[in-house]
Amino acid sequence: MSSAFTSSNRPIQIIPSVLPADWANMGQCVKDLEEAGVDRIQFDVMDGNFVPNLTFGPEMISACRKYCNVPFETQLMVSQYNCETMLEAYVEASKGPNGEPGVVIAHVEANVHLHRILGKIRQLGGSPSVALNPHTPMEMVKDVLDMVDHVLVMTVNPGFGGQAYIPTMLNKIKSLREVIVENNYDIDIEVDGGIKADWTISQCCAAGANCFIAGSGMFAYPSLKEGCDALRSVAKDAQNGKLLEKS
Ligand code: DX5
């Protein structure tokens, strides 16, 4: 088994969630995040149905494209109806400045036709990803791992920023990374919710994650660059075996 697929040497990616940003100046915010050195920017789409909160649609995401060249990812915390009827608009809005595939994340819990949705994201020129809420077992995605570039393990119940990280998600990350390596899949594991530059990112990294979504955990710093650098350095240490224990 080539080492390219173990978590220890997958590139660490720091991905801010825009939930804590100043929404009246979202264009400037994505520009600031690019200057802070982030790897991708996550847009949390919430429809007040799949989650008890409401954010924005594809128009907001498209409007931000001209302000930076950083890749975008769109997490679809929306109903099946919204996902199926607006998928093309979400995929288009998430694309890079030259039409590169943007990451589009469909939730297992919202899509009874998940296989069809993931296939359609790829067909429309997006990079498919699948998300699991905390109660959803990893086994629910085993039969679509051949279709995705990423799996998102929620470490909070979706719908709000600033919530506490759920430590019991570590086993799910571990078993997911094992199945990915066993099958020689080239898949990133993302974690999202309560991730900070402390034992939370350190433990998730050691368990097999390599992409880290952070909202409050990045915006809490005096500058976005300090937040991004702090998250990246703790994750890199964990990849090199220097692990932080729960404090
Ligand atoms: C929650 C969102 C997360 C959230 C993360 O439903 O999916 O991306 O914004 O925020 P923090 O890092 O503050 O938990």
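Trainee: How much space lies in the largest cavity?

Mentor: First, the general idea: rolling a probe the size of a water molecule over the atoms shows where empty space is left. A cavity is a set of points, on a 1 Å grid over the protein atoms alone, where a 1.4 Å probe fits but cannot get out. Here the largest cavity holds about 230 Å³, the volume being the space filled by probe spheres set on grid points joined across faces, edges and corners. One caution: this is a predicted model, where local features need pLDDT of at least 70 and side-chain atom pairs count only at pLDDT 80 or more, while totals for chains, interfaces and linings use all residues. Residues are numbered from 1 along each chain as its sequence is written, and side-chain values use heavy atoms, leaving out hydrogens and water.

Trainee: What classes of residue make up the lining?

Mentor: Eleven are nonpolar, eleven polar and three charged. Nonpolar covers Ala, Val, Leu, Ile, Met, Phe, Trp, Tyr, Cys and Pro; charged covers Asp, Glu, Lys and Arg; the others, Gly among them, are polar.

Trainee: Which residues does UniProt list for "active site"?

Mentor: An unreviewed UniProt entry names D44 and D192. They are spread over 149 residues of sequence, yet cluster in space, with a largest C-alpha distance of 10.9 Å. D44 and D192 also belong to the lining of the largest cavity. The entry gives D44 and D192 as "binding site" too. UniProt positions follow the numbering used here, feature names are shortened, and annotations may be inferred rather than shown by experiment.

Trainee: Is D44 buried or exposed?

Mentor: Buried means under 20% relative accessible area, exposed over 50%, and partly exposed in between, using a 1.4 Å probe and protein chains only. D44 counts as buried because its relative accessible area is 4%. You'll find D44 in strand 2 (residues 41-46). Its side chain makes a polar contact with the side chain of S17 at 2.7 Å. Such a contact pairs N or O atoms within 3.5 Å; within protein, one must be able to donate a hydrogen and the other to accept it, and residues adjacent in sequence count only if both atoms are side-chain atoms.

Trainee: And where is D192 found?

Mentor: Look at strand 7 (residues 188-192). D192 is buried as well, at 8%. Contact means heavy atoms within 4.5 Å; leaving aside neighbours within four places in sequence, the contacts of D192 include Q42, Q75, M154 and I213.

Trainee: Which residues of helix 1 are buried?

Mentor: In helix 1 (residues 26-36) they are M26, G27, C29, V30, L33 and A36. These pack against strand 1 (13-16), strand 2, helix 2 (58-64), helix 7 (216-219) and helix 8 (224-239). Just after helix 1, G37 takes a positive phi of about 95°.

Definitions and conventions. On a 1 Å grid over the protein atoms alone, a cavity is a set of points where a 1.4 Å probe fits but cannot get out, and a pocket is an open set with protein on both sides within 12 Å along at least five of seven lines; lining residues have an atom within 4 Å of a point. Helices (H or I, at least four residues) and strands (E, at least two) are DSSP runs, numbered from the N terminus.
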